[in-house]
Amino acid sequence: MKGIQFDNAAQRKTYVGWVYEAGTKVIKERVLDELPGEFARLHTEGLIHIHDLDAYGQTYNCLQMDLLRSFPYGRFDGASTFRKITGIFDHFRDVIIKLGNEQSGGIGFPNFDLDLEVIFTEFDIPQTSENLQALRDSVEAFIDWCNYSRERCGQTTYYVSLNLGLATGQLGRHVTRSAIEYFRDSSLDVIKPNIIFKVKRGVNCAPSDPNYDLFQLALESSCKKMIPTYLLFDSAANAAYEPAKVAIMGCRTKVVADVYGEDRSVGRGNIGYVTINLPRIALEIDAQPTRRTAEQKLQQFKSRWTEVAETVVAILLHRYSDLLHMTADDFPCNQKFGLWVKDFDPEQSLEEVFRHGTLSIGFIGLSDAIEILTGDDFTRSSNAQRQGYELVEHMRCFVDIYREKHALNFTLLASSGEFISGRFPSIDADHFDHPVLEKGFYTNSFHVDVDSGLNPLEKIAVEGPFHVLANGGCISYVEFSAAPLANTEAVAEVVEAGIEHGVNYLGVNFPLDRCLDCGEQGTFDQCPRCRSKRIQRIRRVSGYLEDFEFFTPGKKAEVENRRPNSCVPFEVR
Ligand SMILES: [Zn+2]
């Protein structure tokens with residue numbers, strides 16, 4: 001199995017996985033061969049990255065499933081109550097397995113708690129202690145399954161995201177409590193699915209809110225295991241949206257505004273995305289021999305970015321029209337269970353469905369690009385941050401113009417960039433010589449440097465304003481030196497700051513190590529209990545927790561450069 005470089009941290013080397021990966025490589029090469037030359041060249045040269053090339057024209061990326069539109073209630077006619085309860089989760093597993101074969105990316109439950117409330121009501125299941133226990137057991141088994149099972153011929157785990165936190169009824173609250181408690185108390189082996197807690201004033205923020213206890217529980221779990229992450233509905237980025245209609249993928253992909261309907265995530269997904277290498281554009285400009293001011297270089301950057309983005313739009317349109325050559329029969333699970341906002345009708349073009357999806361233009365390395373163009377430190381200089389903001393504003397403006405022009409849902413994505421954070425600088429280092437290239441990775445989207453040394457609230461204050469611009473998805477992380485454990489106030493304050501500074505989606509990170517010999521957990525290179533050096537390291541990458549051993553080289557370099565934004569105990573203002 002030598003010679004296969006895996007593209008993401010969830011992949012594992014098994015025989016069948018190797019066959020799958022080898023096939024993927026061949027298909028990617030063929031797709032590149034068949035693409036218009038200009039598209040392929042920009043990708044190969046590392047100015048852009050066309051993600052999921054193997055899925056090009058074959059399928060879409062990800063989906064927040066509409067589970068209620070065609071839930072198969074009839075299948076359970078005459079079944080016992082217990083069978084109905086476990087059967088709901090059998091259905092969820094069935095859908096995940098099938099969708100895993102039908103699409104290329106993540107699978108989202110937009111309202112895990114609210115949807116189960118509706119299904120239980122429809123089944124008329126009495127909320128006895130026995131039934132609630134069966135529900136709790138089923139939720140726990142489902143989490144285990146999401147964590148341990150492997151898709152794509154055993155090669156990778158399912159990227160499942162459970163959005164929850166809004167349901168205030170007894171049953172919905174029980175679902176949320178069961179999921180978070182189980183995740184919090186399970187061993188470090190359990191790092192999936194991603195759980196996203198929806199934070200909303202009047203529902204779960206203040207002590208007088210009905211789900212305040214569940215928010216506290218979520219904070220406890222995040223302090224111990226980095227999950228859940230938080231989708232903030234009172235922040236400027238999301239204040240206009242109805243929380244039950246909007247959800248996010250663990251990786252950060254967000255689908256809300258729709259040229260063809262109301263603002264919602266439920267039943268919609270991303271079709272595809274392309275990331276632009278911002279540091280490369282900056283390096284090209286910087287390498288020109290003529291003397292220019294920083295302001296002139298920034299202007300040059302904007303016009304060059306616009307040229308590249310025009311090609312990216314052409315690529316996304318090409319990919320979209322290729323996808324429309326598929327038929328409803330290519331999506332049997334979607335066709336059967338009506339998971340998108342519109343039916344996969346064999347009599348109609350798939351355009352009826354896929355025009356509700358998003359086409360995203362992503363970016364990586366804003367802070368690196370600013371540093372190359374102006375010489376200023378993005379983390380420290382408010383002037384550099386303002387310049388960065390103006391660049392991203394320019395990008396968003398461009399995206400909105402093309403959305404109008406083509407009547408398609410173009411969005412601006414602050415790419416998670418697991419693979420590209422290493423791929424781009426390694427290509428660029430062959431052509432350019434700049435200090436920015438020395439660290440071996442480019443900084444995530446609009447984030448400040450991972451070794452910024454800013455405290456959590458400063459970091460949130462710098463990154464917050466960008467969130468409203470990145471309407472295709474973004475996240476801000478706060479890095480702790482170790483698990484904050486009992487210090488839920490620290491995370492609560494980060495969430496509060498996130499709301500105040502316009503953050504859309506937020507997570508806390510810290511190194512999470514486990515001794516493979518005695519099970520001791522903490523942050524260490526050698527086990528403090530048994531002195532073993534066999535240590536499993538869990539770190540977050542591209543939104544999901546993964547085993548560090550399997551990270552791509554770029555992400556390994558990034559993790560090794562990460563410096564905490566706070567030591568524990570975190571000082572509360
Ligand atoms: Zn040990």
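## About the model

Because the model is predicted, local features need pLDDT of at least 70 and side-chain atom pairs count only at pLDDT 80 or more, while totals for chains, interfaces and linings use all residues. Residues are numbered from 1 along each chain as its sequence is written, and side-chain values use heavy atoms, with hydrogens and water left out.

## The zinc site

Let's start with the metal. The zinc ion is held by the SG atoms of Cys-515, Cys-518, Cys-527 and Cys-530, at 2.3 Å. Donors here are N, O and S atoms within 2.8 Å of the metal (3.2 Å for Na, K and Ca); water is not among the atoms, so sites may look incomplete. Along the sequence, the donor residues follow the spacing C-x2-C-x8-C-x2-C.

The angles among the 4 donor atoms run from 103 to 118°, and the site is tetrahedral. For reference, the ideal angle for four tetrahedral donors is 109.5 degrees. Buried means under 20% relative accessible area, exposed over 50%, and partly exposed in between (1.4 Å probe, protein chains only).

## Helices α9 and α13

Next come two helix pairs. Helices (H or I, at least four residues) and strands (E, at least two) are DSSP runs, numbered from the N terminus. The axes of α9 and helix α13 (residues 382–406) come within 11 Å and cross at roughly 30°, which means that α9 is roughly parallel to α13. Axes are lines fitted to C-alpha atoms, for helices over the stretch in contact, and angles run from 0 to 180 degrees between N-to-C directions. Angles under 35 degrees count as roughly parallel, over 145 as roughly antiparallel, 65 to 115 as roughly perpendicular and the rest as oblique.

The crossing of α9 and α13 is right-handed; that is, the near helix is turned clockwise from the far one by less than a right angle, with anticlockwise giving a left-handed crossing. Residues of α9 that take part in the meeting include Leu-298, Phe-301, Trp-305 and Val-313, and those of α13 include Leu-391, Met-395, Phe-398 and Tyr-402. Contact means heavy atoms within 4.5 Å. Gln-296 also belongs to α9, which spans residues 294–323, and is partly exposed with a relative accessible area of 43%.

## Helices α5 and α6

Helix α5 (residues 129–148) and helix α6 (residues 170–185) have axes that come within 9 Å and cross at roughly 45°, so the two are oblique to each other. Their crossing is right-handed. Among the α5 residues that meet α6 are Leu-132, Leu-135, Val-139 and Ile-143, with Leu-171, Val-175, Tyr-182 and Phe-183 among those on the α6 side.

Thr-229 sits in strand β8 (residues 229–232) and counts as buried, at 1% relative accessibility. Neighbours within four places in sequence aside, Thr-229 is in contact with Asn-194, Ile-195, Ile-196, Phe-197, Tyr-505, Leu-506, Gly-507 and Arg-540.

Pro-228 lies in the loop between α7 (212–225) and β8, and the bond from Ile-227 to Pro-228 is cis, with omega near 10°. Another cis peptide bond joins Lys-192 and Pro-193, with omega about 0°. Pro-193 is in the loop between α6 and β7 (194–199).

## Positive phi, and a buried aspartate

Ala-407 has a positive phi, near 50°, in a residue other than glycine. Ala-407 lies in the loop between α13 and β11 (409–413) and is partly exposed at 28%. Leu-485 likewise has a positive phi, near 45°; the loop that holds Leu-485 runs between β12 (476–479) and α16 (488–500), and Leu-485 is exposed at 52%.

Finally, Asp-368 is placed in helix α12 (residues 366–374) and is buried, with a relative accessible area of 1%. Beyond its neighbours within four places in sequence, Asp-368 is in contact with Pro-279, Val-436, Lys-439, Tyr-442 and Thr-443.

Notes. Four donors count as tetrahedral if all angles lie between 85 and 135 degrees; four count as square planar and six as octahedral if opposite donors are over 155 degrees apart and all others between 65 and 115; anything else is irregular.
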